Amino acid sequence: MANEDSPATVKITPLGSQDGEFCRYDRALILEDPNGTRLLYDAGRTVRGGDDPRLGEIDAVLLSHVHGDHLGDVYQPTANAGSCASPDFSVSATPESNTVRIAVAKQATLLVGGEMPGFFENKVAAAGGSEEQVQLLRFGGEAEVAGVKIASVPAVHSNGLGPAFIEGQVGEMLAASGLTAYVGPPGGYVVSFSNGLVVYLSGDTGVTAEQDLVVRQLYGAELAVINIGDTFTTGPSEAAYVIDEMVQPNAVIPSHANEEATRDGELLPDTRTATFAEAVSVPVHLPLSGRTLAFDDQGRCVGGCQGRR
């Protein structure tokens, strides 16, 4: 069996708010190909800007949609600031966004869909980067970043850009009206790594037919990262249905739980995450911040595994 140091494994490292835990606003993941290519998925609020020492080199930043908890309106001043249930997000990242600051600091490609490219080209250039860093990837398209293939897939959610990210009179008028700026549909991603592993990153979504027709039948995802937070996205029962009946991967990583899911690295009972882990039939691997999970080409966890197998 392979181990986490094998050149044939994909390494996934959660970057959450509290070391060794799965917490309320945790979304961000680093996905590293066996060839060394490193992707940052939905930086959100728990990556501490472009200088966060956990980042290392980043080749591309993947953004599913522009809500503040994914784009990054605020972030922590220091490691572990606040608590798992209530992190201290006292550093403002507006109007640039945490995502833009990271992409510029790392000189990384920024992949976005919908009608987002023009907005982000302006933001990246204003922050000291280049418009050429921003790459459009809409449904049905595929991009390649240093040997890793990335496809855009649909998500059923909303995608309103908050006024805090919009400077000047337009932002002020939107705020006064209680409105956001629509920037096209949100999305998820399917990432095909050089060892053959295919990973589904759901973004924020409800149940959608494309999880069967596209994610399973077309791409054949063996590992899934899925939101389980309820109200805003699929809840634990709906997410379990998506995994067992539609995507049918060999393993799953829960995300976007909107709760303190663990304490001392152990899953808490009576949480959405525990409900999901009990409902789904495939191995569940908890995204504990800073703890790297290694997966083989079939989506089997072969190193750093935490959760129910």
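Contact here means heavy atoms within 4.5 Å. In this predicted model, residues 24 or more positions apart account for 64% of the contacts in the chain that have a separation of 6 or more. The chain holds 7 helices and 22 strands, and buried residues make up 57% of its 309 residues. For a chain of 309 residues, a compact globule would have a radius of gyration near 19 Å, and the value of 18 Å found for the chain agrees with this. Taken along the principal axes, the box filled by the C-alpha atoms is roughly 55 × 40 × 35 Å.

Ile30 belongs to strand β2, which covers residues 29-32. Because buried means under 20% relative accessible area, Ile30, with a value of 2%, counts as buried. When residues up to four places away in sequence are left aside, Ile30 touches Lys11, Ile12, Thr13 and Leu15, and also Arg38, Leu39, Leu40, Arg54, Leu55 and Ile58. Between the C-alpha atoms of Ile30 and Asp42, which are 12 residues apart along the chain, the separation is 9.3 Å. Asp244, by contrast, is found in helix α6, formed by residues 236-247. With residues up to four places away again not counted, Asp244 touches Ala279, Val280, Ser281 and Val282. The C-alpha atoms of Asp244 and Pro87 are separated by 32 Å, the two residues being 157 residues apart along the chain.

Side chains of opposite charge can pair when their charged atoms come close. The structure holds 11 salt bridges, and among them is the pair formed by Glu32 and Arg38, in which the closest N and O atoms are 2.8 Å apart. Glu32 is partly exposed, with a relative accessibility of 23%, whereas Arg38 is buried, its relative accessible area being 17%. Arg38 is also one of the residues that Ile30 touches. A further salt bridge joins the side chains of Arg101 and Glu96, with a distance of 3.0 Å from N to O. Arg101 counts as partly exposed at 25% relative accessibility, and Glu96 likewise counts as partly exposed, at 28%.

In the salt bridge between Glu115 and Arg138, the closest N and O atoms are 3.4 Å apart. Glu115 lies in the loop between β7 (109-112) and α3 (117-126), while Arg138 lies in the loop between β8 (134-136) and β9 (142-145), so the pair ties together parts that are 23 residues apart in sequence. Because residues count as exposed over 50% relative accessible area, Glu115 is exposed at 52% relative accessibility, and Arg138, with a relative accessible area of 39%, is partly exposed. Salt bridges also link Arg48, Asp52 and Arg54 in a network, and Arg54 is among the residues touched by Ile30.

The largest cavity contains about 90 Å³ of space. It is lined by 14 residues, of which Asp26, Arg27, Ala28, Leu29 and Pro287 are the closest to its centre. Strand β16, made up of residues 251-255, gives the most to the lining of the largest cavity, contributing 3 residues. By class, the lining of the largest cavity consists of 9 nonpolar, 3 polar and 2 charged residues.

The second largest cavity holds about 60 Å³ of space. Its lining is formed by Arg27, Tyr41, Asp42, His70, Ser202, Gly203, Asp204, Val225, Ile226, Asn227, Ser255 and His256. Strand β15, which covers residues 223-227, supplies the largest share of the lining of the second largest cavity, with 3 residues. The lining of the second largest cavity divides into 3 nonpolar, 6 polar and 3 charged residues. Arg27 is named in the lining of the second largest cavity and is also listed among the residues closest to the centre of the largest cavity. Asp42, another residue that lines the second largest cavity, is the residue whose C-alpha atom is separated by 9.3 Å from that of Ile30.

Notes: Residues are numbered from 1 along each chain as its sequence is written. This is a predicted model: local features need pLDDT of at least 70, side-chain atom pairs count only at pLDDT 80 or more; totals for chains, interfaces and linings use all residues. Side-chain values use heavy atoms; hydrogens and water are left out. A salt bridge is a side-chain nitrogen of Lys or Arg within 4 Å of a carboxyl oxygen of Asp or Glu. Buried means under 20% relative accessible area, exposed over 50%, partly exposed in between (1.4 Å probe, protein chains only). Helices (H or I, at least four residues) and strands (E, at least two) are DSSP runs, numbered from the N terminus. On a 1 Å grid over the protein atoms alone, a cavity is a set of points where a 1.4 Å probe fits but cannot get out, and a pocket is an open set with protein on both sides within 12 Å along at least five of seven lines; lining residues have an atom within 4 Å of a point. Grid points are joined across faces, edges and corners, and a volume is the space filled by probe spheres set on the points. Ala, Val, Leu, Ile, Met, Phe, Trp, Tyr, Cys and Pro count as nonpolar, Asp, Glu, Lys and Arg as charged, and the others, Gly among them, as polar. The radius of gyration is taken over C-alpha atoms; the globule rule is 2.2 Å times the number of residues to the power 0.38.
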